[in-house]
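Please keep the structure open while you read.

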Amino acid sequence: MLTAFISHQDCEQHNMGPEHPESPLRLVAIKRQLERSGLAQQLDHHSAVPALAEQILLAHSRYHMEKLAFQLPEQGIVWTDDDTALCPHSLRAASLAVGSVILATNRVLNSKANNAFCAVRPPGHHAEHELPMGFCLYNNVAIGALHALQQPGIERVAIFDFDVHHGNGTVDIFKDRPEVMVCSTFQHPFYPDRYSYLERPNIINCPLPAFSDGYAFRKVVEQRCLPALQAHKPDIIFISAGFDAHAEDPMADLRLHEDDYRWVTQLLLSVANQYANGRLVSVLEGGYNPDALARSVEAHLQVLAGF
Ligand SMILES: [Zn+2]
């Protein structure tokens with residue numbers, strides 16, 4: 001198994017201030033853990049290039065892009081909502097995050113890698129068609145899915161989102177696109193509570209009450225997500241890989257552990273093997289305890305890389 005690891009140093013330049021949990025240290029912790037364990041040497045490393053405007057426009061309006069560019073400060077920080085901010089480097093980082101997913105998708109579709117992980121920030125799954133929110137500016141995974149659909153032989157895509165927060169942005173973008181299935185497990189009631197009750201054949205929302213553990217998570221994935229994915233028969237699978245449902249995460253109250261991430265990764269890889277020739281692209285979303293995040297990403301990548 002060849003797993004591409006795609007990132008860019010400048011994703012660490014996006015900085016919303018020393019108190020903000022979505023910190024550059026998250027990527028530092030992940031890279032340090034992979035170096036320390038030796039797993040980094042087993043991965044195929046690539047540095048992203050910034051996305052083109054027309055790629056970002058696959059999922060967002062021109063107004064969304066222009067408004068962010070207008071708000072971008074020359075120095076200091078500007079808040080776009082209560083918890084999302086721009087610094088002078090934020091849009092370059094956001095564009096590199098999207099560019100990472102495009103590169104990952106191309107490498108997987110061109111059989112240069114079996115699967116890929118994008119270690120990027122800012123995250124993306126809360127960004128709606130015309131609204132940045134929840135630390136997210138551009139919806140990285142949605143743009144990757146729409147880019148994949150432009151490639152020959154890709155007619156159906158599945159996105160699996162196991163971040164503790166509901167991926168409202170991804171649902172907003174795909175609610176009327178039946179060729180894209182969005183499966184989400186998330187704590188509920190909880191932020192952001194937009195679209196969490198939406199029921200569509202291609203939108204599989206799996207709310208979990210606070211303090212749910214790995215057993216409850218695995219049960220809902222097996223009972224609701226797995227049959228839906230098997231019926232959809234995706235040509236490629238994307239993962240919105242947020243690790244903030246971890247028991248040690250400070251932001252939320254689910255109780256997952258590294259083994260649960262190992263389990264769900266194995267399950268998604270077997271669905272990809274069954275329907276999609278193994279094609280799978282995983283994209284970092286949340287995860288705010290740097291240590292638990294780094295261990296969880298390592299577990300996720302061990303499975304992707306076949307260790
Ligand atoms: Zn999250």
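E248 and R295 form a salt bridge, with their closest N and O atoms 2.7 Å apart. This pair joins distant parts of the chain, 47 residues apart: E248 lies in the loop between β9 (236-241) and α8 (258-275), and R295 lies in helix α9 (residues 290-304). The model is predicted.

**Salt bridges**

- The whole structure contains 15 salt bridges.
- E248 belongs to a salt-bridge network that also includes E258, D291 and R295.
- E248 is partly exposed because its relative accessibility is 39%, a value that falls between the 20% and 50% limits.
- R295 is partly exposed too, with a relative accessible area of 21%.
- R26 pairs with E22 in another salt bridge, and the closest N and O atoms are 2.7 Å apart.
- Are R26 and E22 buried or exposed? R26 is buried, and E22 is buried as well.
- E179 and R177 also meet through their side chains in a salt bridge, at 2.8 Å from N to O.
- E179 has 23% relative accessibility and therefore counts as partly exposed.
- R177 has 32% relative accessibility, so R177 is also partly exposed.
- Side chains of opposite charge can pair when their charged atoms come close.

**A buried arginine without a salt bridge**

- R279 sits in the loop between α8 and β10 (280-284).
- R279 is buried but has no salt bridge.
- Which side chain of opposite charge is nearest to R279? It is D235, at 4.9 Å.
- Why does D235 not count as a partner? The distance is 4.9 Å, and a salt bridge requires a nitrogen within 4 Å of a carboxyl oxygen.
- Beyond residues up to four places away in sequence, R279 touches V108, L109, N114, I154, D235, I236, I237 and A272.

**Aromatic rings**

- The structure holds 7 aromatic pairs.
- F5 and F117 make a tilted pair, because their ring centres are 6.1 Å apart and their planes meet at 35°.
- The F5 and F117 pair bridges distant parts of the chain, from strand β1 (residues 3-7) to strand β5, 112 residues apart.
- Both F5 and F117 are buried.
- F160 and F162 form a tilted pair as well, at 6.5 Å centre to centre and 55° between the planes.
- F160 is buried, and F162 is buried.
- Ring pairs connect F160, F162, F243 and Y261 into a cluster.
- A pair of aromatic rings is described by the distance of the centres and the angle of the planes.

- F117 is placed in strand β5 (residues 115-118).
- The relative accessibility of F117 is 0%, so F117 counts as buried.
- F117 and L304 are 187 residues apart along the chain, yet their C-alpha atoms are separated by 8.6 Å.

**Zinc site**

- Which residues coordinate the zinc ion? They are D163, through two OD entries, H165 through ND1, and D244 through OD.
- The arrangement is irregular because the 4 donor atoms subtend angles of 51 to 152° around the zinc ion.
- Ideal angles at a metal are 109.5 degrees for four tetrahedral donors.
- Along the chain, the zinc donors follow the spacing D-x1-H-x78-D.
- D163 and D244 link distant parts of the chain, 81 residues apart. D163 is in the loop between β6 (157-161) and α6 (168-174), and D244 is in the loop between β9 and α8.
- D163 counts as buried because its relative accessibility is 1%.
- D244 is also at 1% relative accessibility and so counts as buried.

**An enclosed helix**

- How many residues of helix α5 (residues 140-149) are buried? The count is 10 of the 10, so α5 is largely enclosed by the rest of the structure.
- The buried residues of α5 include N140, H147, G144 and L149.

Definitions and conventions:
Residues are numbered from 1 along each chain as its sequence is written. This is a predicted model: local features need pLDDT of at least 70, side-chain atom pairs count only at pLDDT 80 or more; totals for chains, interfaces and linings use all residues. Side-chain values use heavy atoms; hydrogens and water are left out. Buried means under 20% relative accessible area, exposed over 50%, partly exposed in between (1.4 Å probe, protein chains only). Helices (H or I, at least four residues) and strands (E, at least two) are DSSP runs, numbered from the N terminus. Rings of Phe, Tyr and Trp (its six-membered ring) pair if their centres lie within 6.5 Å; planes under 30 degrees apart count as stacked, over 60 as edge-to-face and the rest as tilted. Donors are N, O and S atoms within 2.8 Å of the metal (3.2 Å for Na, K and Ca); water is not among the atoms, so sites may look incomplete. Four donors count as tetrahedral if all angles lie between 85 and 135 degrees; four count as square planar and six as octahedral if opposite donors are over 155 degrees apart and all others between 65 and 115; anything else is irregular. Lys and Arg count as positive and Asp and Glu as negative; His and the chain ends are not counted. Contact means heavy atoms within 4.5 Å.
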